[in-house]
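Me: I'd like to go through this structure with you, step by step. Could you help me read it?

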Amino acid sequence: STFGWHDKPQGDGYGHVLHMWAAIGRPVVGHGFHYAGRMGEVFWSHGETCVDLDRVTPAEAASMIDDIGSDPARHLRMCQAIRAVYDATVDHEAEARAIRALLEV
């Protein structure tokens with residue numbers, strides 16, 4: 001898949017599916033507004049890690065997706081960018097240690 005589609009207007013703001021797209025290095029298409037002020041917000045950088053439908057018209061989004069899909073170097077940069085955000089913000093080992101500490105109390 002060249003892009004992940006993630007467009008969910010409700011939820012806790014973490015975005016399990018959103019995080020999994022980032023973990024495998026796939027830019028997402030959807031509405032970044034759904035994650036404004038929430039944990040998943042870090043993945044919504046229009047043109048760098050995603051195509052944010054809040055920032056462009058449907059026609060502009062389609063054109064952008066076509067352009068990115070036909071430019072392997074640009075697509076690779078987006079894939080690497082979203083994975084870099086994931087690596088910088090997700091630390092499962094630290095979370096596991098915190099949970100272990102909480103359960104030991």
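Reply: Contact means heavy atoms within 4.5 Å, and helices (H or I, at least four residues) and strands (E, at least two) are DSSP runs, numbered from the N terminus. This is a predicted model, where local features need pLDDT of at least 70, side-chain atom pairs count only at pLDDT 80 or more, and totals for chains, interfaces and linings use all residues. Residues are numbered from 1 along each chain as its sequence is written, and side-chain values use heavy atoms, leaving out hydrogens and water.

Me: Which residues in H3 do Met64, Asp67 and Ile68 in H2 meet?

Reply: H2 covers residues 58-69 and H3 covers residues 72-89. The residues of their contact divide into 3 nonpolar, 1 polar and 2 charged (Ala, Val, Leu, Ile, Met, Phe, Trp, Tyr, Cys and Pro count as nonpolar, Asp, Glu, Lys and Arg as charged, and the others, Gly among them, as polar). On the H3 side, the partners are Arg74, His75 and Met78.

Me: Which residues of helix H1 are buried?

Reply: Buried means under 20% relative accessible area, exposed over 50%, partly exposed in between (1.4 Å probe, protein chains only). What covers the buried residues of H1 includes strand S2 (28-30) and H3. In H1, which spans residues 16-23, the buried ones are Leu18, His19, Ala22 and Ala23.

Me: Within what arc do these buried residues of H1 fall, seen down the axis?

Reply: The arc is that of the directions from the helix axis to the C-beta atoms. The buried residues line one face of H1, because they fall within an arc of 140°.

Key:
Axes fitted to C-alpha atoms, helices over the stretch in contact; angles between N-to-C directions.
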